Amino acid sequence: AYERRFPTCPLIPMFVASDTVNEYKSEDEAIHVIERRCKLDIDAPRLLKKIAGVDYVYFVQKNSLNRRERTLHIEAYNETFSNRVIINEHCSYTVHPDNEDWTCFEQSASLDIKSFFGFESTVEKIAMKQYTSNIKKGKEIIEYYLKQLEEEGITFVPRWTPPVACKSESSTCHPRRPVSPAINIPESATKEGLSNKEILNTSSSPSEPAAGTPDDKLDADYIKRYLGDLTPMQESCLIRLRQWLQETHKGKIPKDEHILRFLRARDFNIDKAREILCQSLTWRKQHQVDYILDTWNPPQVLQDYYAGGWHHHDKDGRPLYVLRLGQMDTKGLVRALGEEALLRYVLSINEEGLRRCEENTKVFGRPISSWTCLVDLEGLNMRHLWRPGVKALLRIIEVVEANYPETLGRLLILRAPRVFPVLWTLVSPFIDDNTRKKFLIYAGNDYQGPGGLLDYIDKEIIPDFLGGECMCEVPEGGLVPKSLYRTAEELENEDIKLWTETIYQSASVFKGAPHEVLIQIVDASSVITWDFDVCKGDIVFNIFHSKRAPQPPKKDSLGAHSITSPGGNNVQLIDKVWQLGRDYSMVESPLICKEGESVQGSHVTRWPGFYILQWKFHSMPACATTNLPRVDDVLASLQVSSHKCKVMYYTEVIGSEDFRGSMTSLESSHSGFSQLSAATTSSSQSHSSSMISR
C-alpha cells in the first residue's frame, strides 16, 4: 500500500514527481532498498521562491523493506539548500510486540536552519506547517491505498519464507529460519464476524471486564463511541494497564475513559501512567472522593459568593464551566471557610465535570472526556494577589493536576487586565505544559472579534454579562461580609486547617508605641508585599529604609501605660535617638487606614539595606479654627479603649528573579472589584509604586 504513492500521489498535491536513483534486492528477496529523488512544490510565498531562485524543492528518500524482520524504514533528507537548511525525517512500520497482526507506525523529524536570506523564521513556519499537514494526512493516504487494494481483491499478502535447500528430490526440506507460527482462527468465530483483534482478546484475557463497560474491550464500535481515535499501540497500552489493575488493585477499578486520561498525561508510558494512577486511586480512597457529590453539601457561603457554575456546553459538546474570578472575593472566602473547604468544593466541581462528560458522551454519541472552562477576569485587581489566597490556589492546582489529568479541554480567559501577568507569573510554573497549551487569553473586548468566543461557543448560549442573550445563573460573587469571617481557632475546631493560622500575625498598636517589622533586602529590585486587616481603631501605615540595622527588637513596656498586650505582639525597632532624614528615610507616603479596612500592596525596592514596616496609632486631628476638640473626635476617642489598635498582618519578600516579566507589571492600573476602590501611591525617592486595594 505504501509503495503505491510512487512515482506520484494525487492525495499529496505538492508531490509533483519522483525518479528512482538506486535500487537493491537481496538474493533471498528478504531485503529491498529503493532510493528516490522526489520533486516537491512547496506551498511558500512567491516572493520567497523568487528570492531563493527555485520553483521546486528536491528531497532524497530511501525506503528499506526487510521482509524477514517485517519492518519498513523510511529516511528522507533535503537536497535543495542543504548548505543552508538541514531536514531529516525518519519513519518506521514495525510489528506490534504483543499482537503480530497489528502494525506500529512511528515518525520523527529534525529541522536545522543555518541561514536563509534573512527569512529563517518564515522558512521554519513553512516547514512546520508542511510537516504537520503531512502527519495528519499520513493515515488517510495509507488507508486510501489499502481500500484500493481491497477493491482489487487483494486482502492478503503471504509472509516471506526463506528459500528451501534440498539435497535431493527425496530429501526432507528444512527452512533456514523458523517461520512465525500462524494464528489458528476458529471457524465459528469467523462465521460470527469477529476480527483477529477480537479473537486474540477473548483467548488471552481471562480477567473479567470492568463493570458497566462492553464485554469485548477491543470492539471497534466501543472504541469509537466511548474512547475516540486510538492507535493500536495506544489501545494495547490501555488493555495492559487495565488488566494490571484488575489483577493487582483492590477496590474500584476506574473506567477506561479515566485510565486513558492518565495514559495521555504521560504520553502512553505505561510505567509512569501506572504510578500516578495508583497514587490517585489511593488518594481518592483516603479522602472518600468517590462519594463527595452524594455526602458533602457546600456551605451556604460558597453557594452565595463563589462566582462559578456549569453553563450548557461548547461547540464540541464539552461541558462548559463559567468562573467570574474578577468578581470573586477570594480572600473573603478563605477567611470565612478555610482552604480545605475551598479545595473540597473544587473537587466536587471536578467530580461533577466527570459526570457531565459521561452524560454528554451519551447525548452526542461521541467520546467527550474533558470540559471547557471560561474565566472572566473583569474586576481582577491586586486584592486577588493576596499571597495566602494565591498559595491556596497553587495547592488546589497541584491537587487537580495530579488527580484529574487531561480533563481540561480548553481554557478561555476573557477580559484579562494589566494585573493578570503578575498572577500568571505566580501560577504558571505549577501548570503542566500540556495544560498550558490549552489556554486562550483575550484582553479587553478581543473575545468579541475574529478567533474569539464565537469560534468555541454557540451564540445562543453566550452569557449575558459577556454581551450574549443567554441568562447565566452563575452567582455574581461580591464581597463576603466580614461578619462571616472565622478565626483560626474556630476552623481548627472543625478539623479544617486554615493556612492563615501560621501565616498571619497579630499585633497591638498603642498611642506612642507603634508596631514595626524589619525586612532585610540583599538584592535591589526585590518586591516587599503586605496584606493586613485593621481589626480595631485607626492606624497610619509607613515604610522606611535604613542603611544600618536597628537595635535588636524589644518588647515595649508601653511607657507610661505599663500595659501588656493580651491580644497581640508589639515590637519597636526605630530608636528614639534616630532622626528621620539622617538615620532613616521614608520610601512611601503615609497611608491612613480606618477600622475594618483590608489593605494589600507591594513596594519595589531600589536599594539594599533594612526596610521597616510600621503600623502607628492615628490621632484624630483637632479642629482647624480652634484648639478645642470636636465632639466627633471626643466620641471617636472614647471608642478606642486605652488608645489601643489591633492589626492582623502578613508580609513576604519576592526576589526579582521570580518575576519573568517587567517589574512595571506590579504597577498595574486600578481595576474595580465590585464596590471596592483602589488607590495608588507613589514615592519619588524609590521610583516604585504600590497598589492598595481596600
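Two strands count as paired here if DSSP finds at least two bridges between them. Strand β4 (residues 71-78) and strand β5 (residues 85-95) pair that way, antiparallel and over six bridges. This is a predicted model, so to speak of local features we need pLDDT of at least 70, side-chain atom pairs count only at pLDDT 80 or more, and totals for chains, interfaces and linings use all residues. Residues are numbered from 1 along each chain as its sequence is written, and side-chain values use heavy atoms, with hydrogens and water left out.

**The sheet**

- Strands and helices are DSSP runs numbered from the N terminus (E, at least two residues, for strands; H or I, at least four, for helices).
- Six strands make an open, antiparallel sheet, running β1-β2-β3-β4-β5-β6.
- At the edges sit β1 (15-25) and β6 (103-113), each with pairing on one side only.
- From one strand to the next, the twist averages 15° (axes are lines fitted to C-alpha atoms, for helices over the stretch in contact, with angles from 0 to 180 degrees between N-to-C directions).
- Look across from alanine 76 and you find glutamate 89 in β5.

**Helix α7**

- Eight of the 10 residues of α7 (residues 256-265) are buried, so the rest of the structure largely encloses this helix.
- Buried means under 20% relative accessible area, exposed means over 50%, and partly exposed is in between (1.4 Å probe, protein chains only).
- The buried residues of α7 are Asp256, His258, Ile259, Leu260, Arg261, Phe262, Leu263 and Ala265.
- After α7 comes aspartate 267, with a positive phi near 50°.

**Cysteines**

- Searching the whole structure turns up zero disulfides (the cut-off is a pair of cysteine sulfur atoms within 2.5 Å).
- For cysteine 237, the closest cysteine sulfur belongs to cysteine 104 and is 9.3 Å away, too far for a bond.
- Cysteine 237 is buried, at 4% relative accessible area, and cysteine 645 is buried too, at 1%.

**Aromatic rings**

- There are 18 aromatic pairs in the structure.
- Rings of Phe, Tyr and Trp (its six-membered ring) pair if their centres lie within 6.5 Å; planes under 30 degrees apart are stacked, over 60 edge-to-face, and the rest tilted.
- One of the pairs is tyrosine 222 with tyrosine 226, which is tilted, at 5.5 Å centre to centre and 35° between the planes.
- Tyrosine 222 is buried at 4% relative accessibility, while tyrosine 226 is partly exposed at 30%.
- Tryptophan 283 and tyrosine 404 have ring centres 6.4 Å apart and planes at 90°, so this pair is edge-to-face.
- That pair links distant parts of the chain, 121 residues apart: tryptophan 283 is in helix α8 (residues 270-286), and tyrosine 404 is in the loop between α13 (387-403) and β12 (408-416).
- Both tryptophan 283 and tyrosine 404 are buried.
- Tyr2, Phe6, Phe15, Tyr93 and Phe105 make up one aromatic cluster.

**Charges over rings**

- A charge sits over a ring if NZ of Lys or CZ of Arg is within 6 Å of the ring centre and within 35 degrees of the ring normal.
- Lysine 39 lies over the face of tyrosine 56, 4.2 Å from the ring centre.
- Arginine 324 has its charged end over the ring of phenylalanine 465, 3.9 Å from the centre.
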